[in-house]
Amino acid sequence: MDKEVEAQPADATPATLESIDIMRIMEAIPHRYPFLLIDRMVDIVMGQSAVGIKNVTVNEPHFQGHFPARPVMPGVLIIEAMAQTAATLVVLTLGAAFEGKLVYFMTIDGAKFRRPVGPGDQLRIHVEKERSRANVWKFKGVARVDGVSGAAATFSAMIMG
């Protein structure tokens, strides 16, 4: 249980998915409104990387208080959207037996917030696996709006089996 987890043999081409919709995301992870923070995933390379898409809308509950005169998506929610993208990738990689399992943050390192994200923005959340060992996965993530980095972090999480 202590060795590196590899989704494929080193010489195999990783499986890919063009995209998955919200219904498939909700099968993979247990999050629901108002805390489900990704709407779709694209460019999925099993066991390696994916892009989550979050359409930011003014009717989201956090905008009532953060901040009413200038709505800004809280940075911690952007980091959470990165984690949900990564968790969905992990479940897709590991298979149906892991659907709906809880995934807990273990670390968040080097979080940087570069620009405010607000209503009307579309976050494209790029996550890439750095490594995995047993049920612990480490990712780097970058959330972009119109190609410009809004936030970035490295984080690890544990999937509970």
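**Reading the spaces and the core**

Analyst: Happy to. By class, the lining of the largest cavity has 11 nonpolar residues, with no polar and no charged ones. Keep in mind as we go that this is a predicted model.

User: How does one find such a space, and how many cavities of 30 Å³ or more are there here?

Analyst: The general idea is simple: rolling a probe the size of a water molecule over the atoms shows where empty space is left. In this structure, a search of the whole model turns up one cavity of 30 Å³ or more. The volume of the largest cavity is about 60 Å³.

User: Which elements give two or more residues to the lining of the largest cavity?

Analyst: Those elements are H2, E6 and E7. The lining includes Ala83, Ala86, Ala87 and Val90, along with Trp137, Phe139 and Phe155.

User: What about pockets? What is the volume of the largest pocket?

Analyst: A pocket is an open set of points, whereas from a cavity the probe cannot get out. Here the largest pocket has a volume of about 180 Å³. It has 14 lining residues, and Tyr33, Pro34, Leu36, Leu37 and Lys54 are the closest to its centre. The lining of this pocket is made up of 10 nonpolar residues, one polar and three charged.

User: Next, the nonpolar core. Which residues have the most contacts inside the largest one?

Analyst: To read a core, look for buried nonpolar residues joined through side-chain atoms within 4.5 Å. The largest such core here counts 38 residues, and Met82 and Leu123 have the most contacts inside it. Two or more residues come from each of helix H1 (22-28), E2, helix H2 (75-94), strand E5 (122-133), strand E6 (136-145) and strand E7 (148-159). The most come from H2, which gives 12 residues.

User: Which residues is Met82 in contact with, leaving aside its neighbours within four places in sequence?

Analyst: Met82 is in contact with Ile125, Val127, Gly141, Val142, Ala143, Ala151, Ala152, Ala153 and Phe155. Phe155 is also one of the residues lining the largest cavity.

Definitions and conventions:
Residues are numbered from 1 along each chain as its sequence is written. This is a predicted model: local features need pLDDT of at least 70, side-chain atom pairs count only at pLDDT 80 or more; totals for chains, interfaces and linings use all residues. Side-chain values use heavy atoms; hydrogens and water are left out. On a 1 Å grid over the protein atoms alone, a cavity is a set of points where a 1.4 Å probe fits but cannot get out, and a pocket is an open set with protein on both sides within 12 Å along at least five of seven lines; lining residues have an atom within 4 Å of a point. Grid points are joined across faces, edges and corners, and a volume is the space filled by probe spheres set on the points. Ala, Val, Leu, Ile, Met, Phe, Trp, Tyr, Cys and Pro count as nonpolar, Asp, Glu, Lys and Arg as charged, and the others, Gly among them, as polar. Buried means under 20% relative accessible area, exposed over 50%, partly exposed in between (1.4 Å probe, protein chains only). Helices (H or I, at least four residues) and strands (E, at least two) are DSSP runs, numbered from the N terminus. Contact means heavy atoms within 4.5 Å.
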